[in-house]
Amino acid sequence: MKFNELAKQRCSIRSYSNRMVSKKMINEVLDAGRLAPTACNIQPFQFVVVKEPENLAALAGSYPADWFAEAPVVIAICTTPRKAWVRKKHDDKNYADVDGAIAADHMTLAAAELGLGTCWIGAFNPKIVRNVLKLPRNVEPLVMLTLGHPNEKGRPKDRKSRDELVCYETWTNKA
Ligand SMILES: Cc1cc2nc3c(=O)[nH]c(=O)nc-3n(C[C@H](O)[C@H](O)[C@H](O)COP(=O)(O)O)c2cc1C
């Protein structure tokens, strides 16, 4: 599939069938995350795959939506900010979140290409996620992705126009 077709097709899926996702498909999705670019190629993240029903149930306590609890797989993208590249020369900006987000986005697109549905979850309770996944103190749960065979089409794309988003050469120049 052409890339922009895939980007158009991917949308957040918030209803899943109870069909399990094969290990092969999960590995393809994980590999897309693994292949993502990171600042200085540090790859300051780990992906925690949760499939066991009791662990999914415990994780559901971090984000109380029925559809989240029904997803057959959750992948938690967890970063280690102290390992990530920092823009030390200028302003100490830490790029862990950027690196983790690119990996997550690669995964959602790879999943869409396989006909699978995903949804980014950022509004979770990090304390609960930390406890359930037994994360070390220096590791941060950045985002969770639900993954499964979709049971809905998803909403049509609602995006700002190119004119609203783009300027040329300087911030105020729309021409
Ligand atoms: C960083 C991030 C966090 C998000 N967190 C949530 C969330 O907690 N719950 C949810 O239902 N959707 C969440 N979403 C999904 C967005 O609502 C969704 O991507 C957006 O509305 C655009 O819709 P689309 O994904 O169908 O194109 C999140 C998306 C991103 C990128």
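Me: Which residue of β6 stands opposite Thr118?
Reply: Thr118 stands opposite Leu147 in β6. The model is predicted: local features need pLDDT of at least 70 and side-chain atom pairs count only at pLDDT 80 or more, whereas totals for chains, interfaces and linings use all residues. Residues are numbered from 1 along each chain as its sequence is written.

Me: What makes β5 and β6 a pair?
Reply: Strands (DSSP runs of E, at least two residues, numbered from the N terminus) pair if DSSP finds at least two bridges between them. Strand β5 (residues 117-121) and strand β6 (residues 140-148) have five bridges, in the antiparallel sense, so they pair by that rule. Another bridge partner in β6 is Met144, which belongs with Ile121.

Me: Why is one side of β5 left without a neighbour in the sheet?
Reply: The open sheet has four strands in the order β1-β2-β6-β5, with antiparallel pairing. β1 (45-50) and β5 stand at the edges with a single partner strand each, and one side of each therefore has no neighbour in the sheet. Neighbouring strands of this sheet are turned by 20° against each other on average, direction ignored.

Me: Which strand gives the most to the shell around the ligand?
Reply: Strand β5 does, with three residues. The residues around the ligand include Cys119, Trp120, Ile121, Gly122 and Arg155. By class, the shell has six nonpolar, three polar and two charged residues. Ala, Val, Leu, Ile, Met, Phe, Trp, Tyr, Cys and Pro count as nonpolar, Asp, Glu, Lys and Arg as charged, and the others, Gly among them, as polar.

Me: What residues make the contact of α2 with α5?
Reply: Helices (runs of H or I, at least four residues) α2 (residues 23-34) and α5 (residues 96-113) pack at about 145°, with axes 7 Å apart. Axes are lines fitted to C-alpha atoms over the stretch in contact, and angles run from 0 to 180 degrees between N-to-C directions. Contact requires C-beta atoms, placed from the backbone, within 7 Å. Glu28, Val29, Ala32 and Gly33 of α2 make the contact, with Ala103, Met107 and Leu109 among the residues of α5.

How values were computed
A residue is near a molecule or strand if its C-beta atom, placed from the backbone, lies within 6 Å of it. Two residues are in contact if their C-beta atoms, placed from the backbone, lie within 7 Å.
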